[in-house]
Amino acid sequence: MGENTKIVADATCTFCGCVCDDMVLTVDLEHHRIIKSENACVLGKAWFKEHGIEERPYALIDGREATTEEAVEEAAQILAEARFPIIYGLSDTTCEAQRVAVAIADMVGGNLDTTTSVCHGPSGIAFQGVGESTASLGEIKNRADMVVFWGGNPAEAHPRLFTRYAVTPKGMYVPNGKKDRTIVLVDVRRTLSTPVADIFVQVKPRSDFEVLWALRALVKGRKVDPSVEERTGVSLAVLEDLVTRMKSCNFGALLFGMGLTMNRGRHFNSGALLALATDLNEFTHWVAKPVRGHGNVTGADNVVSWQTGFPFGVNFARGYPRFNPGEFTTVDVLARGDADAALIIASDPASNFPKAAIEHLKRIPVITLDPKATHTSQLARVAFTTATYGISVAGTVYRMDDVPITLRPAFESPYPSDEQILTAIRERVRDLLGGNRLPAGTPLAATVS
Ligand code: SF4
């Protein structure tokens with residue numbers, strides 16, 4: 001190791017919801033970049049490689065270079081003057097930044113939403129309606145002898161979910177790793193994940209709910225008509241075999257992805273899968289967990305839930321939090337043309353939202369916080385450059401199994417963190433509003449420092 005390099009052991013990759021915390025990073029201190037990332041998968045390696053320090057303006061206002069202070073003032077003015085400001089994103093930043101964002105939303109009577117609303121929002125709704133039989137990934141690694149992946153492609157989206165947690169690793173009660181496990185994959189098509197499975201169940205598109213309901217019926221010993229195959233593409237014999245295996249394993253885990261949640265049926269699908277786990281607990285132990293995409297989207301759910309009572313799609317316009325997916329979720333708010341200002345944190349909705357929503361974003365003042373230039377930052381009135389969480393910012397993130405993990409940054413960034421910018425905005429908004437904006441008796445997160 002040269003004078004200008006250092007090793008950071010037990011660092012964390014925040015690229016995906018696996019939040020692998022066993023990274024060994026070799027850091028080039030002179031050029032502020034990571035030159036080697038041991039233990040990272042191909043996606044993690046690309047994440048570390050791409051997040052060196054780029055020379056960018058600290059902030060832009062209407063495309064012109066500005067100081068951070070000027071940009072904070074402009075952002076605070078926009079938020080304080082807005083009648084329906086929205087705050088969105090938050091899944092690629094620390095919990096510390098997320099809680100300041102909640103405080104701002106509360107203070108300005110705004111609309112608060114995270115990228116959960118476009119991924120596992122339906123699961124968040126189902127958890128509240130059906131409940132969740134849960135486990136950490138460590139428990140799954142050590143105990144699960146049957147794992148069912150439903151509507152996901154971890155080989156490409158979460159590569160180490162297979163190798164670190166749920167398929168190949170040897171565990172306390174599964175000492176031979178994959179040999180001790182039955183791996184089932186349920187999907188509408190074959191993917192790179194399919195070869196990992198012992199059993200591949202191909203369902204017809206938009207029929208997951210029917211398959212789950214048929215499994216529930218069979219678990220309860222009810223009769224299912226063989227015509228289920230015509231509707232779902234899955235024969236009764238396959239379903240019966242699956243149920244026999246599910247009831248006789250020692251510890252089963254259902255890990256489900258957006259192929260289930262962003263499909264016809266949405267929260268009914270997630271609810272059916274959670275209910276199946278509950279049914280199976282009459283016979284043996286089963287858990288069900290969503291497989292999460294962004295590095296701290298689970299943290300966003302946790303922070304927004306513990307501060308407002310709801311996981312996403314929360315509106316403070318009446319001075320208290322109201323939860324209504326479909327009304328207060330960002331795509332819907334923008335597509336209706338309701339919002340008159342937007343604060344977007346570590347997210348790029350202009351690259352993936354529906355056209356009507358993006359068109360409205362172009363019409364209103366937008367404030368962005370991002371380490372890189374994005375489609376959204378390019379249309380923003382105020383664009384802050386911030387340091388990358390996990391690489392240059394310390395703090396807390398939640399792994400997809402709701403386990404909090406402390407970040408161990410590799411090198412310092414000249415740019416401020418999201419938390420620092422948001423705190424400065426919050427303080428200035430508080431001054432501008434003179435403490436008068438909140439309706440009486442609704443302090444909530446605005447009082448959290
Ligand atoms: S699985 Fe996800 S968190 Fe783990 S190294 Fe790969 S990208 Fe990073």
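This is a predicted model: local features need pLDDT of at least 70, side-chain atom pairs count only at pLDDT 80 or more; totals for chains, interfaces and linings use all residues.
Residues are numbered from 1 along each chain as its sequence is written, and side-chain values use heavy atoms, with hydrogens and water left out.

Let us start with the overall form. The protein chain has 449 residues, and its radius of gyration is 23 Å; a compact globule with that number of residues would have a value near 22 Å, which agrees. Here the radius is taken over C-alpha atoms, and the globule rule is 2.2 Å times the number of residues to the power 0.38. The C-alpha trace spans about 65 × 60 × 35 Å along its principal axes.

How much of the chain is buried? The share is 57% of the 449 residues. Buried means under 20% relative accessible area, exposed means over 50%, and partly exposed lies in between (1.4 Å probe, protein chains only). As for charge, the chain carries 46 positive and 52 negative charges, whose mean positions are 6 Å apart. Lys and Arg count as positive and Asp and Glu as negative, while His and the chain ends are not counted; each charge is placed at NZ of Lys, CZ of Arg, CG of Asp or CD of Glu.

Two strands count as a pair if DSSP finds at least two bridges between them. Strands of a sheet pair through backbone hydrogen bonds, either parallel or antiparallel.

Both senses can be followed here. Strand 4 (residues 59-61) runs antiparallel to strand 17 (residues 382-385), with three bridges between them, and A59 faces F384. On strand 17, F384 also stands opposite L369, which belongs to strand 16; strands 16 and 17 are parallel and share four bridges. Strand 16 (residues 366-370) has five of its five residues buried. In a regular strand the side chains alternate between the two faces of the sheet. In strand 16, V366, T368 and D370 lie on one side and I367 and L369 on the other. Next along comes strand 15 (residues 341-345), parallel to strand 16 over four bridges, with L343 opposite I367.

Further on, strand 6 (residues 85-89) and strand 7 run parallel, joined by four bridges, and Y88 has D113 as its bridge partner. Strand 7 (residues 111-114) sends N111 and D113 one way and L112 and T114 the other, and all are buried.

Another set of strands is worth a visit. Strand 9 (residues 182-187) has five of its six residues buried. Strand 8 (residues 146-150) pairs with strand 9 in the parallel sense over five bridges, with M146 opposite T182. Strand 10 (residues 199-202) is also parallel to strand 9, over four bridges, and there V184 stands opposite I199.

For a helix, look at helix 7 (residues 159-166), where seven of the eight residues are buried; among them are R160, F162 and Y165.

Finally, visit two loops. H31 sits between strand 2 (23-28) and strand 3 (33-38) and is partly exposed, because its relative accessible area is 46%. Its C-alpha atom is 9.0 Å from that of N4, 27 residues away along the chain. G265 lies between helix 11 (258-261) and helix 12 (267-280); with a relative accessible area of 31%, G265 is partly exposed. G265 and E210 are 55 residues apart in sequence, yet their C-alpha atoms are 9.9 Å apart.
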